[in-house]
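Please look at the structure below and work through some questions about it.

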Amino acid sequence: MDKDPYDVLGLKPGASEEEIKRAYKTLAKKYHPDLNPGDKKAEEKFKEINEAYRILMNKGGASEGPSRRPDYSDFGFNFEDIFNFGPFKDFFSDFGFEKKGKDTRTDVTLTLDELVTGGKKTIEFTRKAECPVCKGTGAKRKHTCDKCGGTGRINISRRTPFSMFVQTVKCDRCNGKGYIIDEKCDACNGTGFITRKEHLDIQIPFGVREGDYTVIEGMGEAIEGGVNGDLYVIFHIAKDDYYTIQGNNLRTVLHLDVRDVIEGKRLEIDVPGGKEEIEIKPGDTSPIIIHGRGLPNKNRTRGDIIIDIAIDLPKGMNKKSISKLDEMFGERSEPHLSRH
């Protein structure tokens, strides 16, 4: 390696092993190819970081300083072998890049009542989970692997023109488990996993709207030798029989008999989360606004309920009944426009 490995990791000569590991983890996450798809410079930087890390950790660089900086060829080590080799993933998981199970999703439908009252809601979903009988081992009976001694890892030696390279890899006899199954678990048939229906109480978020989602970490599918995936909860809003959503406001239409409009009326109506009393003033057909009874936003401030008035005219009116209205109301006014 042409560059000083300390410089590559941004460290001072003689940095401690803990400092080396911490710097490596930070830089490796930043330049990891999965997080920088198609970025050749990031890929090269990633390789350089790993090379520097290996040099310092394998040659005691944490204590010997740059004066003992080794020639990379001392190890018979080729980074390309490690970068493309499966077991490298196991090594890298020690620094925060664990294998992760599949993320899952469930869809939850909320009513307007639930949106305005909040609280908890029980959701139901199915996922692959660790077998509770065998604790994920897949075994009813098992014995320690005699090839790896229960560690799940073995050493592989490879000779190069310059030296011998020894690498620790997953044991091929027990597939990294550290044990051999003598008799499979009856509950999971030796897989270590079962498909399980889950019930979970979640808090209804304030201000949630159609298509919003929340992520519950660790409630996705389980995976061997890794961490569970996450559960994505997608929210939907049920269509209401009376109210439509307009931002944070709710809107509806109140149908009234013409006589109620003429005389005025007080009545109680159903609103999401309860009831509300309103007053129709004689002859007034302008919308009624109930402030602060609409939907909450993320700051818990609620919108309004807007009630439009619709006059239900008597059915089956004829010329005779219309003439009686003319007698009651007098001369008919012509349609016209005016400013608000």
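Q: Is arginine 300 buried or exposed?
A: The model is predicted, with local features needing pLDDT of at least 70, side-chain atom pairs counted only at pLDDT 80 or more, and totals for chains, interfaces and linings using all residues. Residues are numbered from 1 along each chain as its sequence is written, and side-chain values use heavy atoms, leaving out hydrogens and water. Buried means under 20% relative accessible area, exposed over 50% and partly exposed in between, with a 1.4 Å probe and protein chains only. At 59% relative accessibility, arginine 300 counts as exposed.

Q: What is the phi of arginine 300?
A: Most residues other than glycine have a negative phi. Arginine 300 lies in the loop between β14 (288-290) and β15 (305-312); strands (E, at least two residues) and helices (H or I, at least four) are DSSP runs numbered from the N terminus. Although arginine 300 is not a glycine, its phi is positive, at about 70°.

Q: Where is lysine 135, which has a positive phi?
A: Lysine 135 is not a glycine, yet its phi is about 60°. It is exposed, with a relative accessible area of 57%. Its place is in the loop between β2 (120-130) and β3 (139-144).

Q: Why are the buried residues of α2 on the same side?
A: In α2, Ile20, Ala23, Tyr24, Leu27 and Ala28 are buried. They lie on the same side of α2 because the arc they cover around the axis, taken from the directions from the helix axis to the C-beta atoms, is only 125°.

Q: Which exposed residues does the face of α2 turned away from its buried side carry?
A: Helix α2 covers residues 17-31. Its face turned away from the buried side carries the exposed residues Glu18, Thr26 and Lys30.

Key
Expected span 1.5 Å × (residues − 1).
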